[in-house]
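This report goes through selected features of a single chain, from its strand pairing to its backbone geometry. The sequence and the structure follow here.

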Amino acid sequence: SCRRNCRGNPNCLVGIGEHVWLGEIDENSFHNIDDPNCERRKKNAFVGLTNLGATCYVNTFLQMWFLNLELRQALYLCPSTCSERPAGEGDPKDKEYEPQTICEHLQYLFALLQNSKRRYIDPSGFVKALGLDTGQQQDAQEFSKLFMSLLEDTLSKQKNPDVRNIVQKQFCGEYAYVTVCNQCGRESKLVSKFYELELNIQGHKQLTDCITEFLKEEKLEGDNRYFCETCQSKQNATRKIRLLSLPCTLNLQLMRFVFDRQTGHKKKLNTYIGFSEVLDMEPFMEQKSDIYVYELSAVLIHRGVSAYSGHYIAHVKDPQTGEWYKFNDEDIEKMEGKKLQLGIEEDLAEPSKSQARKPKCGKGTHCSRNAYMLVYRLQTREKSLTVEVPAFLQELVERDNCKFEEWCNEMAEMRKQSVARGKIKHEEVKELYKRLPAEAGSPYDFISLEWLQKWLDESTPPKPIDNTACLCSHGKLHPDKISIMKRISEYVADFFYRRYGGGPRLNVKALCKDCVVERCRVLRLKNRLNEDYKTVTNLLKITVKGNDGFWVGKASLRSWRQLALEQLNEQDEDTEHSNGKMNGNAQNKDESNEEKREEEEELNFNEDIVCPHGE
């Protein structure tokens, strides 16, 4: 009938944790182990990458580079310390493979992304090799440039030209800074390589406008005049960039993160930029002979309004199927109908009053205020490559897959054992809880409420029963501890002590009669003291006649009741102490009283008027 447990009533067994076990229970509640199969890669799905803190920007580039099949194939052709060993002389199977170079790290990561059985893999080896701080978000565009430069430098030492030149073939184009003297018409040209075009987006709505501005003619006049070699003097001139050649993979950096002179910090431009899925670069080229039609292959997104924080994700097209995928660290989502869907990414920036509405996009075009890099691939009629993982890398992948399978089996077995234990416990609790109350006139035991609650707590296996904290100085059940004990049937107590052990057992004979008698005596004396105090107070009002009576010190007369009470409390506390464990608060009180007496050097009754001769 109780709604919650009556703490002071040893017969109340409601609300001690039994509700969890009564009725039907879901098997999953018997363990806190997730299904290991949730960590398994699904059929025809891509493998994700763990975010190590603030490394989402690294993950987006890794997924994008992995889906560049030419780059992946070239990296697989790279000889590694593992592939150069004679057959049968590889690392021992129980030893963890440790790549030695950036190329080895990248090819091993790509092999895992291709053939791992895991839903996602850990890129910490690669990140550590680059010396990146996992807790600090770096400039994503700067990271892309620096890594491509490092990769090109590393691969330049390779003998195989297909490997050595892959970065230039895939990502490197050429443009020229052309300066024309207005006086003599002399044209000077400075040719330069590029791996991405950095496009200003301020004041523009379309990608083609950004490219046009990048190539527009600039006038060199006044203090900015050009020194002409032919005229041998400073002359007014014009300067422009001419695109000479474009790479197979065209990286277009949209300069969303700019320096704000007013604040002295970088800021993000949340400007909508429209771009098409097909980009014809021929109108922008100096030579019109070749075909320069590109297809959109990746959109890199920065979610958030600040240049110093936020989250990076990538939308990348699978070159083999033409399907679009959203790569978000461990999670990868396939877009429906082979279409790029930027969707929710555009709603995440905080709207402001001055922010323009999203413009309407026609078929084959998209608008984004969060895209910071667009990647286009040269259109080709050739079939996409089929890239196989080399044998030495496949062996390493299979070794990792075996570890994963072992982990899955281990987790599944742990789940199975937890469920089996849980079912046994469920039946045990259901059966025992019915028989827990002690019937009138039947033998019973006292057991700690705390232990009972732990027995009913599914998350903590119960330890042996320990009743020592409830004992008095006579080794029996202390009357003050009844409030934290529960009275249970002897049948259930027998089961508990057989199954879990411990002690000492506290049955009906365990109640300490001596402590109860002493407690009653002290309580009676305290009540008597109150009565006596009233009597003495009244008696003191009567004037003493003649020479009869006693001398009493004024201080003793004021404090006699307190002195008597302290004496009773000391007796009371003596009964409360049991083997040093019992009543921490009372012990502290005793210590504080003793210290107080020592400090004040309190006198016994009438000692305040006694002379050195005892009179």
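## Strand pairing and the open sheet

In this predicted model, T179 has S188 of β4 as its bridge partner. The strands β3, spanning residues 173-181, and β4 run antiparallel and are joined by eight bridges. Strands of a sheet pair in general through backbone hydrogen bonds, in either a parallel or an antiparallel manner.

The pair belongs to an open sheet of four strands, ordered β4-β3-β9-β6, in which the pairing is antiparallel. Because β4 (187-194) and β6 (218-220) each have a single partner strand, they stand at the edges, and one side of each is left without a neighbour in the sheet. From one strand to the next, the twist averages 30°.

## Aromatic pairs

How many aromatic pairs does a search of the whole structure find? The search gives 25 aromatic pairs. One of them is formed by F46 and Y325, whose ring centres lie 4.8 Å apart and whose planes stand at 90°, so that the pair is edge-to-face. This pair links distant parts of the chain, since F46 is in the segment before β1 and Y325 is in strand β17 (residues 324-328), 279 residues apart. F46 counts as buried at 15% relative accessibility, and Y325 is likewise buried, with a relative accessible area of 6%.

The rings of F496 and Y500 have centres 6.3 Å apart and planes at 50°, and the pair is therefore tilted. Both residues lie in helix α11 (residues 490-500), where they are four residues apart, about one turn of the helix. At 0% relative accessibility F496 counts as buried, and Y500, with a relative accessible area of 16%, is buried too. Elsewhere, ring pairs link Y57, F61, W65, F126, F143, F147, Y312 and Y372 into a cluster.

## Charges over rings

Two arginine residues are placed over tyrosine rings. The charged end of R435 sits over the ring of Y491, at 3.6 Å from its centre, while R561 lies over the face of Y533, with 4.5 Å to the ring centre.

## Backbone geometry

The peptide bond that joins G503 and P504 is cis, with omega at about -10°. P504 itself lies in the loop between β24 (502-503) and β25 (506-507).

Positive phi values in residues other than glycine are found at N44, where phi is near 60°, and at N606, where phi is near 70°. N44 is placed in the segment before β1 (48-49), whereas N606 is found in the segment after α14 (584-600). Are these residues buried or exposed? N44 counts as exposed, because its relative accessibility is 70% and exposure is assigned over 50%. N606 is buried, because its relative accessible area is 18% and the cut-off for burial is under 20%.

## Confidence of the model

The pLDDT averages 83 over the chain, and 88% of the residues score at least 70. Over residues 578-589, however, the pLDDT is below 50, although this stretch has 19 contacts in the model beyond near neighbours in sequence. Residues 596-600 also stay under 50 in pLDDT, and for them the model has three contacts beyond four places in sequence.

Terms used: Residues are numbered from 1 along each chain as its sequence is written. This is a predicted model: local features need pLDDT of at least 70, side-chain atom pairs count only at pLDDT 80 or more; totals for chains, interfaces and linings use all residues. Side-chain values use heavy atoms; hydrogens and water are left out. Helices (H or I, at least four residues) and strands (E, at least two) are DSSP runs, numbered from the N terminus. Buried means under 20% relative accessible area, exposed over 50%, partly exposed in between (1.4 Å probe, protein chains only). pLDDT is the predictor's confidence in each residue, from 0 to 100. Contact means heavy atoms within 4.5 Å. Rings of Phe, Tyr and Trp (its six-membered ring) pair if their centres lie within 6.5 Å; planes under 30 degrees apart count as stacked, over 60 as edge-to-face and the rest as tilted. A charge sits over a ring if NZ of Lys or CZ of Arg is within 6 Å of the ring centre and within 35 degrees of the ring normal. Two strands pair if DSSP finds at least two bridges between them. Axes are lines fitted to C-alpha atoms, for helices over the stretch in contact, and angles run from 0 to 180 degrees between N-to-C directions.
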